Amino acid sequence: MSSSSTSKPYKIAVLLCDTPLPAILASQGDYGAIFEALFRNALREAGGPETEFVVDAYDVRNEMVYPKDVDQYDAVLLTGSAASAYENLDWINKLVDYVRFLSKDKPQIRLIGICFGHQIIARALGGECVPNDGKWEIGVTEIDLTEIGQKLLGVSTLVRDPTTHITSSRAGANLGDILLTAHGIHLLRFCIQNLEQMHRDHVPKVPPNFHLLGSTSVAPNQGMVQLYPGASPESVSPADVHIFTVQGHPEFHKRITEEIVKARHSTGALSDELVGDYQRRADWRNDGPGVVGKTLWEILRASREKQQA
């Protein structure tokens, strides 16, 4: 690739799988704008060099519109949705087929799935999405990361006292570096990231040829990656990642989640108990831009470097 082509803006196609609630749409824009803000905030938090990028949004739900020239994009991202990924609807079935097409025929393009997008990718590539017995997961939630999740997300270890909220130690700490004594018991856990959640469907198992990134007690598959052929999970790097998904919402922040919780509480979809628990965690650290957003940029940059090699 020529040096001029490496300086071209990064291009990300965002497949809009839903429209935000009116209050969110008025204040934050559509999900294309919300994800553009995520990528911009991730760059700001990382403090790296200024990076040009373009987000193009395609309404795959209401208009069933897709990129005419998908080869121009570094990545295609599937957003969240209030719909269920297992529904037999024309727009969902078309999206499932499109994911299969991209995965097989356009391997140079990174695929990113967020919440509903994570579930669609699982359904398209050998897994399934199912209702989670009515169990909601909402608001900032701690996710236990696997070893490959720690490597890709750049977080090493966290020690957590169940009675308090403690921020994570970052790269440089190793498992066993930190111990916390609570009531005479040493508590040590694999690292945790905090991510906004809003779902009651989930992917119960990791599809074939994917690797798990993390888990919670409510949803055992909180994210997954598919690596390029020949890549090793033991020495994984962002350049190895073909497909990256998370069940949570790195693009959400407190104001967005508050509006959704308020709306769903008013209809009775969320109980008083669930809302109270959400409010208890509402001001916890959110690792959306700083951890997940940073990792997405590392994957995008690595894809350009790989093309140059």
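This is a predicted model: local features need pLDDT of at least 70, side-chain atom pairs count only at pLDDT 80 or more; totals for chains, interfaces and linings use all residues.
Colleague: Okay, so what covers the buried residues of H8?
Modeller: Start with the helix itself: H8 takes in residues 272-281, and its buried residues are Val275, Tyr278 and Arg281. Down the axis of H8 they fall within an arc of 125 degrees, so they line one face of the helix. The cover over them includes strand E6 (137-145) and helix H7 (254-266).

Colleague: And which residues are exposed on the other side of H8?
Modeller: An α-helix has 3.6 residues a turn, so residues three or four places apart point the same way. On the other side of H8, the exposed ones are Asp272, Glu273, Gln279 and Arg280.

Colleague: Let's move to alanine 122. Is alanine 122 buried or exposed?
Modeller: Alanine 122 belongs to helix H5 (residues 116-124). Past its neighbours within four places in sequence, it touches Gly127, Glu128, Val203, Pro207 and Met224. Buried means under 20% relative accessible area. Alanine 122 has 0% relative accessibility, so it counts as buried.

Colleague: What is the relative accessible area of proline 220?
Modeller: Proline 220 is in the loop between strand E14 (214-215) and strand E15 (223-227). Leaving out neighbours within four places in sequence, its contacts are His202, Pro204, Leu212, Gly214 and Ser215. Proline 220 is partly exposed, and its relative accessible area is 36%.

Colleague: How far apart are the C-alpha atoms of proline 220 and valine 203?
Modeller: Along the chain these two are 17 residues apart. Their C-alpha atoms are separated by 7.8 Å.

Key: Residues are numbered from 1 along each chain as its sequence is written. Side-chain values use heavy atoms; hydrogens and water are left out. Buried means under 20% relative accessible area, exposed over 50%, partly exposed in between (1.4 Å probe, protein chains only). Helices (H or I, at least four residues) and strands (E, at least two) are DSSP runs, numbered from the N terminus. The arc is that of the directions from the helix axis to the C-beta atoms. Contact means heavy atoms within 4.5 Å.
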